[in-house]
Amino acid sequence: MTRLLYSEVEEDLRAAVRKVLADRAPWPAVLARIDGDQQYDPGLWRTLAAEVGCAGLPVPLERGGAGAGWREAAVVAEECGRAVAPVPYLGCGQATAALLACDDTELLRRLSAGEVVATLAAPLSTPLGAAPATGVRALAETLTGTVASVLDALPADVLLVPADGDLWQVAAADARITPVVSLDQTRPLADISFDAAPATRLAGGARAARAWTAARTAGAVLLAGEQLGLAEWCLDTTVAYVKQRHQFGRPVGSFQAVKHRLAQLWVRLTQARAVARYAADCLATGDPDTTVAAHLAQAHCSEAAVRAAEECVQLHGGIGFTWEHPAHLYLKRAKSDAIAFGTPARQRDALGDLLRL
Amino acid sequence: MQAHELAARTRDFLAEHDPVSTPAPDFLRARFDAGLAWVNFPRGLGGLDLPRMLQPVVDEVLAGAGAPDNDPLRITIGLGMAAPTILRHGTDEQRRRWLRPLWTGEELWCQLFSEPGAGSDLAALATRAVRDGDGWVVSGQKVWTSMAHEARWGILIARSDPAAPKHDGITYFACDLTAPGVEVRPLRQLTGEAEFNEVFLDDVRIPDAHRIGAVGHGWQVARTTLMNERVAIGGGPVPREYGLIGVLARVWRDRPGLRTSGGRDELIRLWVAAEAARLAAQRLREQLAAGQPGAEGSAVKYAFALLNQEISGFELELLGDEGLRYDDWTMRRPTVADWGLRTPGYRYLRARANSIEGGTSEILCDIIAERVLGLPREVAG
């Protein structure tokens with residue numbers, strides 16, 4: 001059994017994604033983008049989704065996907081996190097999981113092919129395990145209402161909207177999507193309002209509830225991958241920096257106070273890797289432990305990523321607090337990710353209920 | 001050899017050696033001679049030159065037949081530290097002499113490394129070994145020696161050349177604890193019991209044939225021993241809520257009267273930390289089985305030390321009045337620490353040693369920082 005390791009195929013996929021991201025979204029490019037008016041990079045996403053084939057990984061061949069699975073999808077999430085890539089990977093991942101639970105074929109096929117961007121219209125901070133927010137009402141094939149702080153709505157073509165117990169599909173052009181000045185500058189949120197927007201019902205009742213849960217669970221697992229990749233970048237970058245930065249005539253990384261902090265961070269990341277891998281494997285294999293694994297991954301990886309980003313800023317000293325150094329991109333993403341899908345305290349609360357503690 | 005062939009070979013062995021009627025020592029000796037003791041060891045030395053990951057195949061067949069085992073917990077120092085060192089650095093004669101009774105448990109081994117003046121800085125050891133004809137005369141004091149009061153042999157490092165730089169003047173021996181001049185005294189620890197000993201060596205004669213590795217190469221040999229000590233944490237996979245976190249979770253579930261809202265978050269925080277550490281250890285096992293040696297062993301040991309301390313401290317507070325009582329302060333001589341059978345106070349106290357024994361947490365952090373992350377060494381004092 002090697003369910004917690006990466007297969008050769010997964011490592012090849014990682015290398016391909018990392019190369020594209022290194023070429024197209026090195027950190028100076030991501031940093032430059034946050035000062036512009038288009039924080040997302042639609043061209044980069046088309047390359048990753050369509051050419052590398054990242055969008056359809058968990059979708060079976062007969063439904064227009066690559067026929068791989070959620071383990072592979074989580075590897076892509078790790079690389080996107082490592083690069084704080086300005087792409088709607090997490091939103092599309094949730095939409096994919098929702099559509100896999102519906103009868104729809106056409107939208108799923110187009111999403112898998114990278115032809116459209118879709119996201120789930122739910123506040124990013126909605127805790128894993130919670131019911132959808134109730135701000136949108138359905139009336140005669142139209143939707144009316146608002147949803148705040150939605151992930152990946154800005155680049156979306158299609159919105160998947162839970163309303164009145166059903167799941168609906170709405171063209172983004174038929175909604176009003178307002179950018180939010182967001183803590184995470186590499187992946188800004190948006191507020192959405194619908195005013196009798198034309199909608200197509202994707203699933204109803206229990207089916208819609210299953211699609212919602214599938215989307216949220218897959219999102220939490222992918223997010224754990226993203227947090228792991230993000231944390232690894234922070235550790236690697238900090239280790240490299242303290243080796244070359246000298247004070248008092250010696251490398252900063254030779255001081256025991258610094259070494260021990262980094263060693264402890266490394267221990268935390270070895271655990272984050274095991275926990276994130278376990279969650280991805282559970283999701284991929286339909287393991288009955290998937291719900292626990294997803295909450296566990298969020299409880300652990302959220303704190304690991306925040307710690308890694310905070311240590312990255314601290315151990316870089318003054319340069320780590322500047323706008324010109326990329327550490328702040330990771331800090332903002334990490335803290336935002338820790339609130340996404342519910343804070344670690346909420347994950348623990350949910351775990352306690354699941355485990356009868 | 002495939003797993004099914006190995007299983008068949010084990011069943012053939014059982015057909016010739018009835019596990020129920022054969023006396024345990026005879027059965028274990030025969031098992032060793034059949035190469036089914038540790039299949040990754042060489043033929044003729046209890047093994048079959050097979051990958052280590054095939055050992056569970058043998059163990060399962062034998063356990064299923066109710067065969068006696070060699071009580072691995074009791075001989076853990078021999079199995080985990082002495083045996084790999086003898087295999088790697090010993091002569092053919094030494095391997096033949098020592099490995100069989102080591103594995104069957106007929107001769108117990110202990111480790112004579114730490115000294116009062118040489119703990120984390122082990123290479124600063126002061127025990128002297130002086131050449132004398134065809135042997136050595138050894139004098140000094142060793143400490144924190146578990147099992148010394150039951151052991152026949154000790155793996156010993158001593159300074160053979162005081163003029164050489166500290167890592168170069170050390171030689172590695174097997175010391176016969178029944179030899180004149182060896183005195184073993186219990187070392188009582190803060191739990192009240194004495195798992196460990198002090199060992200005093202007063203002009204103990206060790207034949208040169210019991211030297212392991214070249215004269216002056218003891219430090220390199222000792223590194224084999226210590227590396228195996230940290231890898232040995234492995235063992236088989238463990239289920240969720242195994243160990244102290246399971247004890248704590250049971251108390252919480254069974255006794256609603258003890259619960260507080262703040263305590264619940266703390267409990268689940270510990271549960272998450274324990275589960276993350278368990279999965280990290282599981283991932284390390286998968287890495288080792290796949291032949292990818294990882295440095296994660298240090299991470300696993302570091303994490304479990306911290307966890308055991310936090311969990312046992314929390315359990316004691318949770319129990320309130322019961323936490324104020326202790327079962328027994330009289331000096332016992334346990335073979336292994338019996339965590340589960342003792343009071344919570346014992347667990348709390350015993351866990352303090354977890355971040356000291358087998359490498360302090362501070363030394364583990366140094367090892368991770370230098371060997372894994374490649375950070376520069378602190379300027380040596």
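How many residues sit between E4(A) and E5(A) in their hairpin? Two, and A:Asp164 in the turn has a positive phi of about 50°. Before going further: this is a predicted model, where local features need pLDDT of at least 70, side-chain atom pairs count only at pLDDT 80 or more, and totals for chains, interfaces and linings use all residues. Residues are numbered from 1 along each chain as its sequence is written, with chains lettered from A and ligands numbered from 1 in the order in which they are written.

Select residues 158–163 (E4) and 166–171 (E5) of chain A: these antiparallel strands are joined by six bridges. Helices (H or I, at least four residues) and strands (E, at least two) are DSSP runs numbered from the N terminus, and strands pair if DSSP finds at least two bridges between them. Click A:Ala163 and you'll find its bridge partner in E5(A), A:Asp166.

Hop to chain B and pick H4, residues 76–89. Of the 14 residues in H4(B), 11 are buried (20 or more other C-beta atoms within 10 Å of a residue's own, with C-beta atoms placed from the backbone). Among them are B:Ile77, B:Met81 and B:His89.

Key:
Expected span 1.5 Å × (residues − 1). Buried ≥ 20, exposed ≤ 12 C-beta atoms within 10 Å, placed from the backbone.
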